[in-house]
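Let's take a walk through this one together, starting where two chains meet and ending at a ligand. Have the sequence and the 3D view side by side as you read.

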Amino acid sequence: MAHSGINLIFEGQNLPRLLGGLWITIRVALIAIIAGGVLGIFLGVLRTFKNRFLRFILRLYLEFFRIVPTVVLLFLFYYILPKSMNLNLPAAEVATLVFTLWMAAEASDIVRGALISVPQHQVDSGLAIGLNRSQLYYYVLIPQSLKLMLPAMMNLISRIIKTTSLLLLISVLDVINVGQQIIEANQKQYPQGAFWVYGVIFVLYFLICYPFSLLAKKLQKD
Amino acid sequence: MTELLRVEHLNKAYGEVPVLQDISFTVNTGEVQVVLGPSGSGKSTLIRCLNGLEPYQSGTIYFQGQKVDPTPKNWQLLRQKIGMVFQSYDLFPNLNIMDNITLGPIKVQKQSKATAQKEALRLLDTVGLADYTAKFPRELSGGQKQRIAIVRALALHPDFMLFDEVTASLDPEMVRGVLEIMANLAKQKMTMIVVTHEMNFAQQIADNVLFLDDGHILESTPGKDFFTNPQTDRAKEFLQSMDF
Amino acid sequence: MSWQIIQQSLPMFQKGFILTLQMSALGILGAIILGLMCSLCQYFKIPVLKQIVGAYIELSRNTPLLIQLFFIYYGLPGIGLKLSAYTCGIIGLIFLGGSYMAEGFSGGFDGIPNSQIESGKAIGLSQGQLTRYVVFPQGFALSIPALAANIIFLIKETSIFTVIAIPELTNTALDLIGLYYHTNEYLLVLVVGYAIILIPLSIILTWLERRIRYGTFGD
Ligand SMILES: Nc1ncnc2c1ncn2[C@@H]1O[C@H](COP(=O)(O)OP(=O)(O)OP(=O)(O)O)[C@@H](O)[C@H]1O
Ligand SMILES: [Mg+2]
């Protein structure tokens, strides 16, 4: 009977193990969101400057991270960092690096978009009262564009969290990996284990991402 | 003089806030009724109620002596007899000028395409835009778009026309062309209800003026008298504030 | 980096490339149809269906494709529903993409200024005519950039099909790496493969966005 399968989740250490895996997942996402967010704001500001070369390089960086699927990015860094740079990082840290750079790339585009949509007369009045460029950004442009960029940022954060599901591919012991182990270990006793374990992970992801999507919708409205 | 439109005790509120209160007036065939009043007095709302774009809470509208049953379906049928032109022209950006004008005649009134296009060309000619049939709205100036919008409404051969500040978002040099078209319509005895802030124009075409303030009709005065001798102090103040 | 190794691998990659394109095309087509139906349910506020669609959109948008695939491919057989990996991939992509497309269409429909609806009513158009001549043409045009962005997104997501062993591009590369260890070469071909599909699309997208923003509706 399918109903009995749910017991698998609550048996022994299974639930704490799953949540432990979830924590690994969340930690990667959290670091990437914070570090990538800060880097992204910085790069986004740079992308509003006049320097053509700088803008070109940063645009190239963005497009690279946009075009290449995240799965491929993960493998690129996973295989190439140790080989060509002699950098042997644990898989979870490779993933954190990839997600941070990806977050920064996408965030930089959101930040740039919001900055350039602040009306010109705001810039003019800022300059007119004698603000220098960094003061202009700090007191006028960034505060005013924050409201514009928040909904897109919420969506980006939720995308990052969803994409952490790929950690499994480079053998990080994330929530899905732990789930697989639980399913395999209990194959005999719980033939429908996969249904319940993946069902639970599905719900877990939903519970984490849904608030962000609600928030994004709410921010978009007002 | 035959009565075309009669409004009795119309009341309209947005939520708790009353916007139109106990509005009653009559418009006869061939008459130009100008609606004046300060900003926020309810002019647009009144115009929108008259072709069912806004529901109203109570009151009755009689059209050609018949009581209007204010259901969506019924309004939809009536609207082809009522032309309306908005401040923001609102041509359909996805259709060229000819299709903008003939959409109603062909789809609503089931005219043949040839008939509708012929009539559209005739009307376009009267506003000096006969060469523009294949263009899209985005290729036209504001004044041209507004003239097309008037033609689009006229193409249905409505029994009367509603104009809501149709020159308010035009550059000064565009205003005259549009006003001339409206003055011509008045000369041809088109029945019209006109909201405008162009006082000279209003004085020129108004058979009667409805002066609205805070949702009430403060006075209804023949056009020849209103501008020189308004009955209420509010109207006097208003005319002064308009530099008239 | 060896040119010879790359050349030898090309026939394999070609198969993966074609599979990626085929599955993307099917999935995207399905997603567009599903998305359109969902957005219409929402636009016309059809009771019950509207709520179901709302729940589906939230579920689909807030869960990763990978776990959706695992659930369909490994989980559903547990309750007696066994599907091939290929079918699962397509279903997964449609399930995921449908919600994104629905939101794209809805964004287009909601983007039509209310004054357009009103001037349609003012010339006497019925609800059906309004939909046919005003809402659809304008709504579709407005939703094109979002749809194009979703198409790019969905093509990239097919790389995740590798987890249920569908031999598309990414899976081909990982298989080859596992067999022959020529990591650099195979990864290069992989990236180039996606670039061939996605760069032209992304250029078209940028062009479309500009056109829609400054052209068609620059009223
Ligand atoms: N959709 C709405 N919801 C709530 N209140 C509204 C709405 N539309 C108009 N109002 C209010 O109704 C009142 C009348 O508005 P209306 O637009 O009819 O004025 P108006 O006389 O046309 O002004 P103007 O000369 O500025 O165009 C105003 O106080 C306005 O704030
Ligand atoms: Mg008004």
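Contact here means heavy atoms within 4.5 Å. By that rule, the meeting of chains B and C takes 24 residues from chain B and 21 residues from chain C. Before going further, some ground rules: this is a predicted model, where local features need pLDDT of at least 70, side-chain atom pairs count only at pLDDT 80 or more, and totals for chains, interfaces and linings use all residues. Residues are numbered from 1 along each chain as its sequence is written, chains are lettered from A and ligands numbered from 1 in the order in which they are written, and side-chain values use heavy atoms, with hydrogens and water left out.

How much area do chain B and chain C bury between them? It comes to about 2,100 Å², with 56% of it on carbon and sulfur atoms; buried area is the accessible area (1.4 Å probe) that two parts lose on being put together, summed over both. On the chain B side, B:Phe92, B:Pro93 and B:Arg138 lose the most area to chain C, together 24% of what that side buries.

Now for the charges. The count between these two chains is one salt bridge, meaning a side-chain nitrogen of Lys or Arg within 4 Å of a carboxyl oxygen of Asp or Glu. The partners are B:Arg48 and C:Glu118, whose closest N and O atoms are 2.5 Å apart.

Which elements of chain B give two or more residues to the side that touches chain C? They are β6 (82-85), α3 (97-108) and α5 (142-154), where helices (H or I, at least four residues) and strands (E, at least two) are DSSP runs numbered from the N terminus. Of these, α3(B) gives the most, with four residues.

Over to ligand 1. Its surroundings, counting residues with a heavy atom within 4 Å of it, include B:Tyr14, B:Val19, B:Pro38 and B:His197. Helix α1 (residues 43-50) of chain B gives the most to this shell, with three residues.

Some side chains come up close to oxygen atoms of the ligand. For B:Thr45, a polar side-chain atom lies 2.5 Å from one. An N or O atom in the side chain of B:Lys43 is 2.8 Å from a ligand oxygen, and for the side chain of B:Glu165 the distance is 3.2 Å.

Notes:
A polar contact is a pair of N or O atoms within 3.5 Å; within protein, one must be able to donate a hydrogen and the other to accept it, and residues adjacent in sequence count only if both atoms are side-chain atoms.
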